[in-house]
Amino acid sequence: KFMKLNILDIGGKVVKDDDKYVVKDNSMLNNLVISSTDLKPGKSTSGHSHAGQEEVYHFVRGSGMMKVDDDIFPVEEGDVILIEDGKFHQVINNSEDNCYFVCVFDGSRNH
């Protein structure tokens, strides 16, 4: 079976919706989850790390900063960030527009 998604609406279900962001997870695959986050201006993700789970972040719209362990660097539309197993990571939206990114991780959500 073939599954095609639009990067701006990955489907799935809303798992978080508050004053910071809207997060949706699509769990149609057996081993990978694709998740989208629409991060509001001036807000940041809580930040987390998880042993045994790698992630790939793809920034689709907007810009901000990303923290990976002790490194903090700017991110913008088109950037892809590879998060190694166990690394702390957080996205900070220091802009006046929403920052929308999609991440793919192996296994079920444990954060």
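Predicted model: local features only at pLDDT ≥ 70, side-chain atom pairs only at ≥ 80, totals over all residues.

Student: OK, where does G86 lie?

Tutor: G86 is in the loop that links strand 7 and strand 8.

Student: And how far is G86 from E55, in sequence and in space?

Tutor: They are 31 residues apart along the chain, and their C-alpha atoms are 10.0 Å apart.

Student: Let's switch to strand 5. Which residues are on its covered face, and which on the uncovered one?

Tutor: Strand 5 spans residues 63-68. G64, M66 and V68 make up the covered face, while S63, M65 and K67 are on the uncovered one.

Student: What does strand 5 pair with?

Tutor: One partner is strand 6, residues 71-76, joined to strand 5 by six bridges in the antiparallel sense. Within that pairing, G64 sits opposite V75. Strand 8, residues 89-92, is also antiparallel to strand 5, with four bridges. There, K67 faces Q90.

Student: How many residues are between strand 5 and strand 6?

Tutor: Two, and the two strands form a hairpin. D69 is in that turn. Its phi is near 50 degrees, which is positive even though D69 isn't a glycine.

Student: New topic: the largest nonpolar core. Which residues touch the most other members?

Tutor: The core has 16 residues, and the ones with the most contacts to other members are Y57, F59, M66, I81, V91 and F101. M66 is also one of the covered-face residues of strand 5.

Student: Which elements give two or more residues to this core?

Tutor: Strand 2 (21-26), strand 3 (32-39), strand 4 (55-61), strand 5, strand 7 (80-83) and strand 9 (99-106). Strand 9 supplies the largest share, four residues.

Student: What is F101 in contact with, beyond its neighbours in sequence?

Tutor: Leaving out neighbours within four places, F101 contacts S35, S36, T37, L39, T45, Y57, H58, F59, V60 and V91. There's another core apart from the largest one, made of five residues, including I10, I34, V60 and V102.

Student: What about strand 4? Which strands does strand 4 pair with?

Tutor: Strand 7 is one, antiparallel over four bridges, with H58 bridging to V80. Strand 9 is another, also antiparallel, with six bridges. In that pairing, E55 has F105 as its bridge partner.

Student: Last thing, the surface. Which residues make the nonpolar patch?

Tutor: M3, L5, M28, L29 and L32, over about 450 Å². M3 itself comes from the segment ahead of strand 1 (13-17).

Note on methods
Residues numbered from 1 in each chain as written. Heavy atoms only, no water. Buried < 20%, exposed > 50% of the residue type's maximum accessible area, 1.4 Å probe, protein only. Pairing = 2+ DSSP bridges. Core = buried A, V, L, I, M, F, W, Y, C linked by side-chain atoms within 4.5 Å. Contact = heavy atoms within 4.5 Å. Patch = residues over 30% accessible without salt bridge, like charges linked within 9 Å, V, L, I, M, F, W, Y side chains within 5 Å. Areas by Shrake-Rupley, 256 points an atom, 1.4 Å probe, with all protein chains shown as cover. Salt bridge = Lys/Arg side-chain N within 4 Å of Asp/Glu carboxyl O.
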